[in-house]
Amino acid sequence: MISQLAVQGAQMLVVLLLAPLLIGFVRKAKARLVRRQGPSLIQPYRDLVRLMRKEVVLAENASWLFRVTPYLIFAATWVAAALVPTFATGLEFSWTADLIVIVALLGSARFFQALAGMDVGTSFGGLGASREVMIASLAEPAMLLIVFSLALLAGATQLSTVAAFMGSPEVGLRVSLGMSLIALVMVAIAENARIPVDNPATHLELTMVHEAMILEYSGRHLAMIELATFLKLLLYMSLISCVFLPWGLDSGGTGPKSLAIGVAAYLCKLTVLAILLAVFETAVAKMRVFRVPDFLGAALMLALLGTLLLFVSRSL
Amino acid sequence: MNSTVALLLCGPAAFLATAIMAAAASRLAAATRLVYGATLVISAVMLTTAAGHLAGNPGEVSATLPLGLPWTGARFRLDGLSAFFLVVVNLGGTITSLYGLGYGRHESQPHRVLPFYPAFLAGMNLVVLANDAFSFLLSWEFMSLASWALVMAHHRDEANRRAGYIYLVMASFGTMALLLAFGLLAGPAGTYAFDAMRTAHPGPFAAGAVLVLMLLGAGSKAGLVPLHAWLPLAHPAAPSHVSALMSGIMTKVAVYGFVRVVFDLLGEPAWWSGVAVLLIGGVTAVLGILHALMERDLKRLLAYSTIENIGVIFTSLGLALAFKAHGMPSAAALAFTAALFHVLNHSFFKSLLFFGAGAVLSATGERDMEKLGGLIHRLPVTSFVFLIGCVSISALPPFNGFASEWLVFQAILRSPELPQWGLKVIVPAVGGMLALSAALAAACFVKAFGITFLGRARSAAAERAHEVDRWSLAAMAVLAALCLLAGILPGFVIDSLSTVTLPLVGERMPVQMAQPWLSIVPIAESRSSYNGLLVFVFITISASLAAFFIHRFASHALRRGIAWGCGFPDAVPAAQYTAVSFAQPIRRVFGGFAFRSRETVDMPAPGALEPARLKVEMHDVAWETFYQPITGAIDFTTERLNHLQFLTIRRYLTLVFLYLIILLLVLALWP
């Protein structure tokens, strides 16, 4: 019981501490790909500390909701990220929430973020919020259909069970899994506001979505939101790796050696995924906002097709 | 006669007595307080009686009164299903009366509301208690007429008159369908009592016809697409607390009618019944929420969102039917419990949201979101509870809307075990539609809350608004607390529903309250589980931790400044995003097939002084496809028949003579 709790606590701390490093690594890799030196790996930590030290400039019209939202977003994202198995499955509290709940927790975070965007009463906030909910209205059903396909295969929506099933030899190569993986990657790109859906580095008002919503945030509030954004990227990478690359996962209570293997495997997977993300982002250009529905519509169709195949036959 | 039933029948009688008293005394100053106080007490007594019955589980009890048709009498019965719906109706009635104590004082014409309000409550209670077709239909019509009178309370408004007219036509249509359905159920023997119908199993054709007629009759009252046209007109037209009753409670009475006939009286369902209900439910959910997204009238937005939730409920009922037809009682129990749980949840948050809309209306006099904004500063308590309602209805954890939608998704995941191919293809598609409608609902309520309560005030009325009275705030706070409680303790609700599901689908969900940490586990823990309480606790702890950490270590400095406006000073509030512009991206994505919408931009030539114009053309497809041809045909025939009014006496005599000859011929030729 105690060791289980310790693993759960360690996992919560690991995701929190690792998330800025992951972002730093992606930025570094992107910079190196275009032959720039790039900022140091620990730059995101420095940014967070600097933001914490700065004063908050609050817009005149901002209400209590605007000030509470950063904490809510952070809490919902952190809880969701802590429930995804990173290096060990069978966590003490993994039965608290299944994959559907994790998706919905991220939905809660987005709900409040969109509201906070509208709180100040500028056009940018409304613009960001309205585009964000449009993207979410397509990404969320796609994500749920992916959850359906996984649940149909593994017979569960519980992530630990899904990961254990995907690690077992009976899975094999399946068309539906391939479709789910592509759809999940597309959804992850959209959810994390990465290129080609949104540009995390842009500050041109008319092209941004995520940045437009948080335009009025500063200081410690912005730090919380940034940390939540980092956590979300880590969450999606952990999700992809625990479902589609389930090798080396510690299955709970098997001693320090297997835990060490789990941690090492997890770090390797994150590195590979981060490099892939950097290469992909460097290779493609951002698309127009109204191309995004086509992009996500394709993800939705792929996910639906994967689910339909499984409903027709379990062996596809 | 059983004492519980006697007590429950005293309730409607007391409501009717209150209605008569209100009609007599409605012009007195104290009438508002008296009427709502009386309905509050009566509903509370009914609520405790019904809840006691549901919890105590003493089976079913019935009573016959020497009323109604002389040779049958009026039969009433209380079983698990009616006890549950009595709880829904009277919980709504109690809290609405509490709200009415405060809100009713703003009513400009109380004598048009007060007599009909208790009558409406009496009608809904009697529908749920009725145990024969005659009492059921009579109560149903009484409920419809009482609510129609409430819709017409402010009849000087042209739009309200039109809403009332369409409502009346659709209500009559629905009752006609119900009458035919009961006629088929009664069979040639003409047995009106539900007990007799339950044992007489109709043939497959008659059973199919009854299902279709119930979808038309109960579905038109509940707001299934395409029979929903009256709902977004009539629900908002009534005073806000009555809108809450109509949207939150009366649609549930319609669901009760459907469940009573299809799950209880009809016996074993046909294999295709689940398919039909599933598809209609899914389409209703998506179209309802898309319409809601396009609305700029707050109350009408809420009415359209009711259509979406009815779609979710019917989808779940369709799943239960499909499982039941294929001999999977445990899955049917899961889907059926999910449907009933959503019935309860929707009654909570929809009443809460309509109360909030009523509070905004009484504080500003506006329903149009384009003229609101910034109310979070002026109505702090209302905006907080309205926010809880928005979070709940958007199916976000840890609130109650999520718990029931989660159960629906779990039920969908049981469907690969269904043997039938049609269902195998339809169920995942419907699951996708539900997921889509849930995501769109979140978008819709970001818009509803964001435009109404956030940002800057768009009109002088919104700028001058003041917080509403304490009665209204208390009613909304109770509902907000219920939304949270049902969300973090879903196991309690699921266990209370076991007495309802067991007789109707032959199975119940496993006991949930015995699970460690109050989780809910529909099938097995390795398969899926959800713990609303712990999710709530975790979010609270991590948010507090973050806040503590920030306040301990980070800078405390805070400065107010003007918002970033790209360097343009003093942007007017009209430059904010509006309800219509907020929905524009979604209109562009979904509008093409849902509304056949088209946007045209008139750009003046460079240098010209006239403004650029954006024109949006949208169609209500259901109205144009189903209703306009019918109204056109009726107009056409009445136009033709109109000549009959201006005939000479000779021609009338000829007509009568001809008619007589035809009748005689028919009689002569009849075998």
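Which helix of chain B holds Leu479(B)? I looked it up: Leu479(B) sits in helix H19, residues 470-488. Helices (H or I, at least four residues) and strands (E, at least two) are DSSP runs, numbered from the N terminus.

**Ground rules.** I noted that this is a predicted model, where local features need pLDDT of at least 70, side-chain atom pairs count only at pLDDT 80 or more, and totals for chains, interfaces and linings use all residues. Residues are numbered from 1 along each chain as its sequence is written, while chains are lettered from A and ligands numbered from 1 in the order in which they are written.

**Leu479(B).** Is this residue buried or exposed? I found that Leu479(B) counts as buried because 31 C-beta neighbours lie inside 10 Å. The cut-offs are 20 or more other C-beta atoms within 10 Å for buried, 12 or fewer for exposed, and in between for partly exposed, with C-beta atoms placed from the backbone. I then listed its contacts (C-beta atoms, placed from the backbone, within 7 Å). Leaving aside neighbours within four places in sequence, Leu479(B) touches Ile95(B), Phe348(B), Ser351(B) and Leu352(B).

**Where the chains meet.** I checked the two chains next. On chain B, 70 residues are in contact with 73 residues of chain A. H17(B) gives the most to this side of chain B, with 14 residues. By class, the side of chain B that touches chain A has 46 nonpolar, 17 polar and seven charged residues. Here Ala, Val, Leu, Ile, Met, Phe, Trp, Tyr, Cys and Pro count as nonpolar, Asp, Glu, Lys and Arg as charged, and the others, Gly among them, as polar.

I also looked at strands. Strand E1 of chain A (residues 56-59) pairs with E3(B) in the parallel sense, over four bridges. Strands pair if DSSP finds at least two bridges between them. Val57(A) has Arg559(B) as its bridge partner in E3(B).

I searched for cis peptide bonds. One runs from Ile195(A) to Pro196(A), with omega near 10°. Pro196(A) is in the loop between helix H7 (175-191) and helix H8 (210-213) of chain A. Another runs from Pro397(B) to Pro398(B), with omega near 5°.

Positive phi came next. Ala193(A) has a phi of about 55°, although it is not a glycine. Ala193(A) lies in the loop between H7 and H8 of chain A. I count Ala193(A) as buried because it has 21 C-beta neighbours inside 10 Å. Arg596(B) is not a glycine either, and its positive phi is about 45°. Arg596(B) is partly exposed, with 13 other C-beta atoms within 10 Å.

Notes:
Two residues are in contact if their C-beta atoms, placed from the backbone, lie within 7 Å.
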